[in-house]
Structure formats: structure tokens, C-alpha cells
Amino acid sequence: MISEDEILKILPLKVCSEITPYYKENKVQEIRIKSGKPIIINSLEGEKVLNYKPTLEEIKQTLVKISNYSLYAYEEEIKQGYLTIKGGHRIGIAGECVNVNGSIRTIKNIASLNIRICREVIGCSNEIMKYISKDNRIFNTLIVSPPKCGKTTMLRDISRNISDGMGIISLRGKKICIIDERSEIAACYNGVPQMNVGIRTDVLDNCLKTEGMIMAIRSLSPDVLICDEIGTSKDIDALHMAFNSGVNIIVTVHGYSVEDIYKRKVFKNLLENSILDRIVVLSNRRGISTLENVYEISIGGELKCLK
């Protein structure tokens, strides 16, 4: 059972009573709550639209509980569009954005909440580890996955396995630094990871990937850098720097196939300049984090399918 009490105790009594029965199967992924609209629950079994329509006052009550009765103290998180509660669960918020000098200062008149339930699946990366490591070496790896197919869950468990070590594949524990730009991998609460990311893992929470990678290399001496959802030219430049510093990298990107990635110009240098060693493709065809393909990248960017 997940730590649903952390979620249920922030909700008004009536909303809580409507949602509670759906925790029995432990498959809930998102709870979407909007003022005057039916509650929608997304789970592994699909979407369920409830009859109950929360009021704006109930949303305000929820926000007050989430922020421990001090929304002002959470201003930095609010302007990024989310709040994180104990257990690593993230509450996405929507409302009226207040812009100051071209950037969002805060969000007010919040009328919509999206509760994303954070879960770890211990051992989900065990199969993949034999492809991304060998002889106590970690291969530079790109994980390709469509949305909601478990790439972050997989990345989290890879961190745990590398950090703790895996005797079965003769992998000794290595120093990890997770650049957790959106607090999703380690799911930190007050700076402390709520998920098991390994004993040798440091987390730079709510930190921009580009800046975080530079900070980690300079001050935390990682063996492996891990970050989620790369995609900009600055991200690629930072990965080049990590590679040239002798640090291994494991990163993810949204995509549906390896061909999909090769079409994107921003990844051309990363793929063709012998930086990446492996590409892993995930899907949800047989459930979350289904391992579809693993490719070895040779010099010049040629691919060899390993699975």
C-alpha cells in the first residue's frame, strides 16, 4: 500500500470519502480536482470520472493543508506550478499566473489541482542493468520512452542499483548525483529523498539540469550523473562537459523509438560523437516500464540491437 494517508489527509472530508475506495487496488496514478467539475482518477486501468464536484472552497482548504497553512512559504514552488508533499507526491496547480518583467512571479486564484502519486518499483531495473553495465563499468545510456511509460520509475531504480551495487553482475556501488529539476526522480521533501535512490546518491533537487551538472562535477565528484528529460542544446552541451570530465551519464528523453530520436537535430552530436554507448527503449505494452529494445552504439553512430 502506498502512503496514501499523506494524500488523503490533505483533502477535505467529502473529497477524501469519494476517493478513498479507489486506493484499495493501489493502482491510482493521478487525481484531478477542479472547481465545479467532476473528480477524475487516472489509474493503470484507465480513467474514472466520479460524480462529486468539489467547490472552490474545498480546493482552497486543500492548498492550505498542503502548505501547512502558509502558502507564502511555498511561493518558489508555486510559481513553478506545483507543490510537493511528504512521500514525494506532487500537486500540480493551475490558476491565474502573475507575470512580472516577463516571468511568472506566482499563481493566484488556484482552481485546479492534479495530484500525481509517486511510487517506486524496487527491482524494475534489474533486467536492464546487464545491458548498461559490464565489468564494473557503467555505459553512457539514453532511455527513450513515451509519456507515462515508467521512464522516471526506471531511472530511479537504476540509480538505486548503481549506488548500492549489484553483486549478481559484479557491480560495485558508485557515487551518483541526480539532477532532479522537477523533483520527480528522488521525490525530495524538504531536501530529503522520499524514494530509495541508493546509499551513495546525492540529489540536487529543483535544480536546472545544465547548472546542476556543472555544480555536481565541481563539488560532488560523482561517478555517474543521472537526469530526466533532456532536450535542449544547453542540456547536450552539459552532457558533453560531463563526458569530457570522465563522468558517466544516464538520461532520459521522450520518444517512441530510436528512429524518433535520430530525427531530432539536437541529439545528432550526442549520438554520432561516441558519447552514448547504449539506447534503451521502453513502452507500456506489457505494463509500465516494458523493456522493448536495447541498442549498442558504435563509433559513428551505428546501432547494434542487443535485445
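User: In which strand is Cys227 found?
Analyst: This is a predicted model, where local features need pLDDT of at least 70, side-chain atom pairs count only at pLDDT 80 or more, and totals for chains, interfaces and linings use all residues. Residues are numbered from 1 along each chain as its sequence is written, and side-chain values use heavy atoms, without hydrogens and water. Helices (H or I, at least four residues) and strands (E, at least two) are DSSP runs numbered from the N terminus. The run that holds Cys227 spans residues 224-227 and is strand E14.

User: Is Cys227 buried or exposed?
Analyst: Buried means under 20% relative accessible area, exposed over 50%, and partly exposed in between (1.4 Å probe, protein chains only). Cys227 has 1% relative accessibility, so Cys227 counts as buried.

User: How far apart are the C-alpha atoms of Cys227 and Asn273?
Analyst: Along the chain, these two residues are 46 residues apart. Between the C-alpha atoms of Cys227 and Asn273, the separation is 20 Å.

User: Which residues does Ser283 touch, not counting residues up to four places away in sequence?
Analyst: Ser283 lies in strand E16 (residues 278-283). Touching here is contact, meaning heavy atoms within 4.5 Å. With that sequence limit, Ser283 touches Cys149, Ile288, Ser289, Thr290 and Glu292.

User: Why are the buried residues of helix H3 on the same side?
Analyst: In H3 (residues 56-66), the buried residues are Glu58, Ile59, Thr62, Leu63 and Ile66. They lie on the same side of H3 because the arc they cover around the axis, taken from the directions from the helix axis to the C-beta atoms, is only 140°.
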